[in-house]
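Thanks for coming, everyone. Let me put the model up, and then we go through it piece by piece.

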Amino acid sequence: MKYALVYKVTTLACIITAIVVVACNRELDKSNPNSPTVDTYFKNSTELLGGTNAIYSIFHSAALIGREWFFLHDTRSDDVSAGGGQLELPRAQLLNGATVASNAVMNNVWNGLYTVIHRANTVIDNGPNVTDNAALRDRCVAEAKFFRGWAYFELVSQWGPVPLYIKQVTAPDQFQPRAAADAVYTQIFQDLKDAAAGLPATTTDNGRATRGAANAVLGRAYMQKGDYANAKTALLAVNPGNSIYSLRDNYLDNFDEEHEFNSESIFEAVFFDRGDNNFNWGYTGDDQPNAQPQSTVRNQEYSPIAWRNLIPSNKFLNEFENTATGAAKTDPRFAMSVYQTGDKYNNNANTLTDAEQNGNSSVVNGVTKKISWRKFMLIYKDNNGFHPGGINQRIIRYAEVLLMLAECENELDNPAGAIGYLNQVRDRASVAMPHYPTTQYPTGNKTQIARAIIHEKTVELGGEEIRNRDILRWRKKGYFTTDPISYYKARDEFLPIPQAEIDNNPKLAAGGIDKQNAGY
């Protein structure tokens with residue numbers, strides 16, 4: 001069941017995003033007794049919970065998971081291609097390697113992540129003020145640390161050194177310089193460890209962070225840093241005794257609305273179909289009247305019968321094992337990841353045509369055809385051409401944890417363990433692919449196992465905003481003979497620091513790190 005994680009954040013978000021402004025006229029320097037301030041708020045657990053809920057609100061917003069977050073990740077991977085010439089310029093820049101410091105998508109995500117951090121800092125700093133409900137207080141602080149760790153991981157893995165704020169900003173001159181990536185990772189590790197220690201293993205309040213979510217993000221972060229031993233420890237703690245999470249028999253359960261919060265889901269962003277086909281495009285988590293439910297526009301952006309702005313790349317489509325190219329079995333995940341002309345949709349009432357799919361065609365095994373994303377798309381049960389939807393975005397699922405463990409075992413020279421984790425994922429009832437090694441994917445040495453891991457993560461997790469960071473990590477390890485990003489050059493390792501940050505933060509380079517990343 002989807003619980004209504006709808007937050008009363010309008011007043012509260014204004015409180016926790018406010019910065020003290022000194023009035024030049026003392027007559028104007030007065031307080032409104034009807035508008036609480038940070039100094040007078042957060043005195044009990046109910047108010048602290050409101051501050052925590054405000055973090056979730058920006059997390060779900062159009063600046064982050066509701067829209068721009070998935071664009072930023074996907075366009076920096078090789079999972080996607082442009083659906084056609086209709087792709088907006090900021091998204092096309094990201095996809096084609098022409099990103100500039102004023103890119104609107106990138107700036108929205110940057111600002112959204114720092115809003116998460118500011119709101120998290122507000123909860124963490126004010127937690128000690130709360131004494132009426134210690135259990136709720138501690139959970140709120142743990143959730144705030146989870147989100148701060150998550151946000152800094154998003155930042156450091158995509159921008160490199162970034163300003164590090166670990167205290168609530170209360171004045172307009174409290175800027176911070178770019179901190180070395182090592183310092184940012186140190187903070188991430190500590191935050192996520194603290195979060196794991198303070199969060200429950202499970203929750204009936206669906207959509208809230210849990211211990212498993214904190215350990216999974218911690219494992220991701222350690223892997224990105226190249227620390228596979230600590231990553232393995234964190235990932236094994238996600239599902240102690242295999243007692244909480246398990247793979248769903250039906251792969252499609254991970255992407256529809258009827259099977260949200262299932263046994264495979266470790267953390268997901270909650271969305272609602274509001275029933276009015278109205279998406280609040282500028283929603284930033286603090287300006288939506290009456291705390292209305294938030295929908296996601298992902299279905300609108302990627303759907304075969306909607307805008308179809310991004311489609312699966314030919315590289316992704318041709319990665320799947322297929323009997324036509326010598327595999328023992330065609331991977332069922334192909335048909336469960338994408339729609340192609342001739343497929344049924346709308347509860348099998350409609351047949352997808354070329355004409356319904358705006359824009360470009362794909363080439364699979366030498367055959368040209370129209371192919372579109374199926375994951376997280378609503379047309380499995382409707383035929384609306386415009387429909388901002390309510391399918392929850394799965395941020396972390398257990399299959400990814402198993403595949404991360406496979407990579408850890410391989411890097412720690414335990415080939416049997418690595419192959420075992422890979423085969424667990426292939427054993428899913430609706431997939432049932434032959435075990436590794438296969439003819440096409442031998443596993444006789446570390447390099448071969450790495451190739452099998454890269455393949456398995458691609459076909460299992462394609463289009464789920466994971467591949468771009470995997471590419472960064474695997475590139476450093478020399479696992480690509482040809483770079484998967486055709487335009488790649490050294491500067492593309494990181495995104496540019498937003499121009500607005502350079503213009504507005506006078507301390508950005510005060511720590512000895514240049515204001516801007518090399519090459520921009």
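Start at arginine 308, in the loop between α10 and β5. Helices here are DSSP runs of H or I with at least four residues, strands are runs of E with at least two, and both are numbered from the N terminus. This is a predicted model, where local features need pLDDT of at least 70, side-chain atom pairs count only at pLDDT 80 or more, and totals for chains, interfaces and linings use all residues. Residues are numbered from 1 along each chain as its sequence is written, and side-chain values use heavy atoms, with hydrogens and water left out.

Back to arginine 308. Its phi is near 55°, a positive value in a residue other than glycine. Is arginine 308 buried or exposed? Buried, with a relative accessible area of 0%. On that scale, buried means under 20% relative accessible area, exposed means over 50%, and partly exposed is in between, with a 1.4 Å probe and protein chains only.

Tryptophan 307 sits in that loop too, between α10 (298-302) and β5 (310-312). Tryptophan 307 is partly exposed, at 32% relative accessible area. Together with Trp281 and Phe386, Trp307 makes a nonpolar surface patch of about 270 Å². Patch residues have over 30% relative accessible area and no salt bridge; like charges are joined within 9 Å, nonpolar side chains (Val, Leu, Ile, Met, Phe, Trp, Tyr) within 5 Å. Areas come from Shrake-Rupley with a 1.4 Å probe, and for residues only the protein chains shown count as cover.

Aspartate 413 has phi near 65°, and aspartate 413 is not a glycine either. Its place is the loop between α13 (398-411) and α14. Aspartate 413 is exposed, with a relative accessible area of 59%.

One more backbone item. Tyrosine 436 and proline 437 are joined by a cis peptide bond, with omega about 0°. Proline 437 is in the loop between α14 (415-426) and α15.

Now the strands. β4 covers residues 265-269, and five of its five residues are buried. Which strand does β4 join? β12, residues 393-397, running antiparallel, through four bridges. Two strands pair if DSSP finds at least two bridges between them. Serine 265 has arginine 397 as its bridge partner in β12. Phenylalanine 267 stands opposite isoleucine 396. β12 is mostly covered as well, with five of its five residues buried.

Arginine 397 takes us to the charges. Its side chain meets glutamate 460 in a salt bridge, 2.7 Å from N to O. That pair links distant parts of the chain: arginine 397 in β12, glutamate 460 in helix α15 (residues 446-461), 63 residues apart. Both residues are buried. A salt bridge here is a side-chain nitrogen of Lys or Arg within 4 Å of a carboxyl oxygen of Asp or Glu. Side chains of opposite charge can pair when their charged atoms come close.

Arg397 and Glu460 also belong to a network of salt bridges, whose members include Glu264, Asp331, Lys375 and Arg428. How many salt bridges does the structure hold? The structure holds 44.

Two further pairs. Aspartate 194 and lysine 145 form a salt bridge at 3.1 Å, N to O. Aspartate 194 is in helix α7 (residues 181-198) and lysine 145 in helix α6 (residues 134-159), so this pair ties together parts that are 49 residues apart in sequence. Aspartate 194 is partly exposed at 28%. Lysine 145 is buried at 18%.

Glutamate 154 bridges to arginine 469, with the closest N and O atoms 3.3 Å apart. Glutamate 154 is in α6, arginine 469 in helix α16 (residues 467-476), and the two are 315 residues apart. Both glutamate 154 and arginine 469 are buried.

Next, a polar contact: N or O atoms within 3.5 Å, where within protein one must be able to donate a hydrogen and the other to accept it, and residues adjacent in sequence count only if both atoms are side-chain atoms. A polar side-chain atom of threonine 75 lies 2.6 Å from the backbone oxygen of phenylalanine 71. Threonine 75 is in helix α3 (residues 68-75). Threonine 75 counts as buried, at 1% relative accessibility.

Last, cysteines. How many disulfides does the structure hold? Zero, with a disulfide taken as a pair of cysteine sulfur atoms within 2.5 Å. Cysteine 140 is buried at 0%. Cysteine 408 is buried at 0%.
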